[in-house]
2 protein chains.
Amino acid sequence: MTVTGNPRRKSLALRRRPPTRRSPRPAIALDALDNHLGYFVRRLQIWIFQDFIRTLAPIHLSPAQFSVLVIVSANRGLSQAELAATLGIERARLVRLLNRLQSRELIARLRSSADSRRHALELTPQGHGVLAQAKILGARHRKRLIEKLGADRHGVLLQALREA
Amino acid sequence: MTVTGNPRRKSLALRRRPPTRRSPRPAIALDALDNHLGYFVRRLQIWIFQDFIRTLAPIHLSPAQFSVLVIVSANRGLSQAELAATLGIERARLVRLLNRLQSRELIARLRSSADSRRHALELTPQGHGVLAQAKILGARHRKRLIEKLGADRHGVLLQALREA
DNA sequence: TATTGTTATACTCTATAACTATA
DNA sequence: TATAGTTATAGAGTATAACAATA
């Protein structure tokens with residue numbers, strides 16, 4: 001992932017087609033991509049994940065692992081299928097995610113009494129501790145994101161996406 | 001990427017800020033994630049890419065390949081480094097992307113006369129043909145996305161993200 | 001020295017399919 | 001039959017590092 005990390009700002013000479021867009025930004029014409037929400041959504045997602053990955057690195061947690069801890073903590077006893085659907089990931093992938101979290105003793109898989117096919121997920125005390133740290137780091141990340149986007153644009157996006 | 005592709009309709013509400021957690025089968029609480037733009041951005045990106053992947057499948061083009069064709073077509077002669085930066089992908093990954101597009105004879109790497117380290121990228125006639133088809137399919141995808149989001153929300157998001 | 005394109009490696013994620021054990 | 005969790009595998013994407021040719 002490049003995107004950020006591009007420190008050089010120099011000779012971007014040789015531009016053809018000065019963009020019809022009012023934004024001073026795109027030296028390079030986006031053409032059809034300029035109408036595709038997916039292009040911009042992806043670029044923002046890359047920025048956010050890049051920053052969040054670095055933010056969580058000190059406690060050795062990935063964004064995916066963070067979201068697992070958050071959801072399990074707020075929904076004690078939910079099943080893996082429910083968790084996977086909430087996070088938008090494959091059940092199969094969640095298994096490996098949980099394996100790692102369980103081997104670090106951050107989460108526990110309890111057998112559901114009602115339906116013994118299901119695992120009732122819970123955070124261990126250590127899991128809660130790590131989550132607390134992660135939330136502090138997450139707040140810093142959020143602050144940087146708001147700085148980058150501007151508070152109003154951040155608010156507009158959050159509201160529009162929450163309702164989507 | 002699951003998210004869609006899952007025939008069953010599990011009714012995961014993903015409601016905002018469920019203040020109470022009631023007994024039967026309450027919507028799953030997002031807790032801290034509800035303030036994290038990244039969570040929602042990622043979910044929307046998953047939906048969009050899922051749909052776009054299926055849309056482009058008939059012409060055997062991935063979203064990444066589509067964006068390469070669009071940018072190269074609109075910026076004839078640009079270098080691989082510039083293209084990679086525009087798309088937010090690694091130079092190294094772009095090499096393999098281009099290898100495949102070149103072996104299908106959709107793009108050409110010409111030696112830049114000004115700087116012989118650079119490759120001046122161009123679409124072949126076939127590349128332009130495929131791109132034309134892809135744009136038609138892309139328009140259908142966009143229509144579905146607008147239906148899903150609602151025209152106003154789509155507009156709000158596109159504008160906010162373009163300026164971000 | 002720095003940059004462009006390239007190769008290589010390791011790891012994560014995605015998309016499927018199939019298996020088991022329950023229901 | 002259908003569902004929950006699991007295993008397996010192929011392919012895509014990401015993060016790095018290094019190298020040759022060129023500037």
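**Helix crossing and chain contact**

Mentor: Let's start with a pair of helices: the axes of helix α1 (residues 37-56) of chain B and helix α5 (residues 125-149) of chain B come within 9 Å and cross at roughly 145°. Axes are lines fitted to C-alpha atoms, for helices over the stretch in contact, with angles from 0 to 180 degrees between N-to-C directions. Helices are DSSP runs (H or I, at least four residues), numbered from the N terminus. The model is predicted, so local features need pLDDT of at least 70 and side-chain atom pairs pLDDT 80 or more, while totals for chains, interfaces and linings use all residues. Residues count from 1 along each chain as its sequence is written, chains are lettered from A in written order, and side-chain values use heavy atoms, without hydrogens or water.

Trainee: Which residues of α1(B) meet α5(B)?

Mentor: Contact means heavy atoms within 4.5 Å. On the α1(B) side, they include W47(B), I48(B) and F52(B), and their partners in α5(B) include L137(B), H141(B) and L145(B). By class, that contact has nine nonpolar, three polar and three charged residues.

Trainee: And how do I read an interface between chains?

Mentor: The size of an interface is often given as the accessible area lost when the parts come together. Here chain B and chain A bury about 6100 Å² between them (1.4 Å probe, summed over both), with 61% of it on carbon and sulfur atoms. L37(B), L161(B) and R162(B) supply 11% of the area that chain B buries against chain A, more than any other three residues.

Trainee: How many residues does each chain bring to the contact?

Mentor: Chain B brings 65 and chain A brings 64.

Key: Helix = DSSP H or I, 4+ residues; strand = E, 2+ residues; numbered from the N terminus. Nonpolar A, V, L, I, M, F, W, Y, C, P; charged D, E, K, R; others polar. Buried area = accessible area lost by both parts, 1.4 Å probe.
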